[in-house]
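Subject: Structure for your files

Hello,

Here is the structure, with notes on what was found in it below. Please keep the two together.

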Amino acid sequence: MKKLTTPQDFFDYQSEVKKSVDPKKTQIIICAGSGCLAYGTQKLIDGFKAEIEQQNLQDVMDVRASGCHGFCERGPIVLISPGNIFYQKVGLKDAPEIIEKTVLNGETIERLLYKDPQTGEKIIREHDVGFYKKQQRFILGQNSQINPTSINDYLAIGGYGALAKVLSETKPQEVIDEIIEANLRGRGGGGFPAGWKWDSTRKAVGDPKYVICNADEGDPGAYMDRSILEGNPHTVLEGMLIGAYAIGSSEGYIYVRNEYPLAVTNITLAIEQARELGLIGKNIMGTDFSFDIQINRGGGAFVCGESSALFASIEGRAGEPRAKYVHATDRGLYDKPTCLNNVETWANVPLVISKGAKWYQSIGTENSKGTKIFALVGKINNTGLVEVPMGITLREIIFEIGGGIPKGRKFKAVQTGGPSGGCIPEEYLDSPVDFDELTKLGSMMGSGGMIVMDERTCMVDIARYFLQFLEDESCGKCTPCREGVHQMRVILDRICEGNGQEGDIETLEWMGQAIADGSLCALGGSAPAPVLSTIRYFRDEYEAHIKDKKCPAGVCKALITYKIDSETCNGCHLCFKPCPTDAIAGEKKKLHTLDQDKCIQCGACYEVCKFDAVIVE
Amino acid sequence: MENTIKAIVEKYDSNKGFLVPVLQDVQKELNYLPREALDLVSKFLKVSISQVFEVATFYKAFSLEPRGKYQMALCQGTACHVRGVPLIVDHIERTLEIKDGETTEDLMYTFETVNCLGACALGPVMVVNEEYHGKMTIAKTDKLLKKLGKEGNA
């Protein structure tokens, strides 16, 4: 492959690549994100390829293993383009039929179509599916248009065009001004304006300057950064290159979780491909601008998503944060000026540059521009990744895009912002989603996890869950976080075990405040948030645990009893085998009984009963 | 072992900044990080043994104990949690008679709960030696353990 030595050289090569795409050739696009691969999608991809080869149809159709399409609930997902025909829950045996009927004869296959749960109507095209209708997928939408392992696919949709544009006609300071004007705010959690960060790094004294991509996505229930890295690694590289050019940096790092093997593979390959074309390396497109990127795999520590801990980890030390009297933009990695943004932020950069700050500003709310990708998970019908304009309401996301709560149960709360965030109850569902509104509600945008909870979720247990997580992940350096979070968890443990005491809620409140005030880094500073927000909105549930010794949601083991309902039990015997303590007695086809002395509340009988005859009290 | 570790360190140009990836690769080769390996990394990378030990014990991904033939990683993400993972944790601990993070005496199973795997649509999800098992229940866990037991002893 030849190196591109001028921006014009690049544009020529790009139009060559665009011309080589045959628009008449049908693309069978199979989602091969980690979510769908977990369904066994690789076999499906191989199956399609083998079938096409066997029937000698290579000239008419292609199989494209693409990045994540977002609708994980319905995987494996297959898109047929042109036509945008959307097939869901596709199995290996469906492959020959799809080729025969849909690709060759233009017929749709009814049983593979998505059925609208409200109207019962079968939907043919992807953009008509309720899950996709309200989304604006500027970033995620590119995933299905490309094979992430092909740089030419990315070039064909205009990729690296924004880089060529800035290298040929824009001064570094003008790039920064454009990003500031667009008001692109950091997608990693804090929402700090990216342009200001770039500007400070550019103006800081020190050499070299570093540009880093934070891909240490650790919030439980959040996987959008992984999907971008897996599905469209070049757009992240392009964003970093533009940032590096603007800042005046020649060295970059991508710090990525080792638990994301596919993301590591794809981004590694993307760097090699970009280097071969001369898009990464020395004198990019023949200009004075040189930039190279290294990949660093994380060691599995949540705190390393924090900037100063991340730098320590790249330097080969334990990932402990330090006090930040001096900003990373002045002294970050190896004590040099460093600009750290997360994956989604970098992925927004080419978009801002190619479409312009004015266009970008037209999307979103007054102080939060553009789109945000959320991982919509938990007790929700349509689990998946959604990209929505800032300002959309929680209700629209959960009930229109997400399709509401499974089994017709009642919505209780939505948790945003990961372990540093909070739980938002139903009365605020009509609040617009943006950086500032979520903070007002006692939660935060965070990196984009959105976990839906229903009436069967215990809010005290959830608060305990997050504290347990943070206690495990606390690096142990500062006392308020190391000891304080532990002590709060001890109190929550005892509340969940039925030993809660009068005054526990108040103790949690003042301790939370003290930990927030006294901790060194953001992990400790925001650690009490899940407890404080659940107390704020669900105080009655805490009180039920402490005063009445009851868990209203039926979750906390010490406070519940399982019973067999004499009216609904038909003696099917299904609960017999799973019971680990032989607590269930009774003959087949006769009413069963449960021995409370033997019962250990494991929930096995409850889980298997098909007639709702096991009840929790 | 000496040659393996030397080769890994050289792959990273003996650069001290790559201590974490070096340990990751060593663990991949040896299944865990025995004391001898830590000493060799310290020697070849010219990093003090105390720093190697600090890093090896700080990050979750590293194990100083031998690990089982089947490494069961049960996702502890919030989505899996609200869908009932705690019941499955209890069940596995009771069945295998080990606690979270431990290995059975016969070195057959290592069971650990891990941070979010990002396969939330499949929650509760468990990965056994890189193979995903989705929508886990107590009953499905039993079936899986039975199957692994048969395979493992075959």
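How much area is buried between domain 2 of chain A and domain 4 of chain A, and what share of that area do carbon and sulfur atoms give? About 880 Å² is buried between these two domains, and carbon and sulfur atoms give 75% of that area. Buried area here is the accessible area (1.4 Å probe) that two parts lose on being put together, summed over both. On the domain 2 side, Pro220(A), Phe302(A) and Pro321(A) lose the most area to domain 4 of chain A, together 51% of what that side buries.

First, the conventions. This is a predicted model, in which local features need pLDDT of at least 70 and side-chain atom pairs count only at pLDDT 80 or more, while totals for chains, interfaces and linings use all residues. Residues are numbered from 1 along each chain as its sequence is written, chains are lettered from A and ligands numbered from 1 in the order in which they are written, and side-chain values use heavy atoms, with hydrogens and water left out.

Domains

Chain A is divided into domain 1 (25-133), domain 2 (159-360), domain 3 (371-454), domain 4 (459-546) and domain 5 (561-617). The bounds come from an automatic or database domain assignment. In chain A, the C-alpha centres of domain 2 and domain 4 lie 34 Å apart. Contact (heavy atoms within 4.5 Å) between them involves 11 residues of domain 2 of chain A and 10 residues of domain 4 of chain A.

Chain B has domain 1 (2-58) and domain 2 (70-153), with C-alpha centres 29 Å apart. Chain B contains 7 helices and 4 strands, in the order α-α-α-α-β-α-α-β-β-β-α along the sequence. Helices (H or I, at least four residues) and strands (E, at least two) are DSSP runs, numbered from the N terminus. The C-alpha trace of chain B spans about 50 × 35 × 25 Å along its principal axes.

Between the chains

The contact between the chains takes 55 residues from chain A and 38 residues from chain B. About 3,700 Å² is buried between chain A and chain B, and carbon and sulfur atoms give 55% of it. The rule finds 4 salt bridges across this interface. Glu473(A) and Lys60(B) meet through their side chains in a salt bridge (3.1 Å, N to O).

Over all chains the structure holds 41 salt bridges. Another pair is Arg464(A) and Asp461(A), whose side chains meet at 3.6 Å, N to O. These two residues are separated by about one helical turn because they are 3 residues apart in helix α18 (residues 459-473) of chain A.

The second largest pocket

A pocket is an open set of points on a 1 Å grid over the protein atoms alone, where a 1.4 Å probe fits, with protein on both sides within 12 Å along at least five of seven lines; lining residues have an atom within 4 Å of a point. The second largest pocket has a volume of about 1,200 Å³, volume being the space filled by probe spheres set on the points. Its lining has 40 residues, of which Gly188(A), Gly190(A), Gly305(A), Glu306(A) and Ser307(A) lie nearest its centre. In chain A, α9 (194-203), β7 (210-215), β10 (338-342) and α21 (522-526) each supply at least two lining residues, and β10(A) gives the most, with 5 residues.

Backbone points

Ser81(A) and Pro82(A) are joined by a cis peptide bond, with omega about 0°. Pro82(A) is in the loop between β3 (78-81) and β4 (85-87) of chain A. A cis peptide bond also joins Asp207(A) and Pro208(A), with omega about -5°, and Pro208(A) lies in the loop between α9 and β7 of chain A.

Regards
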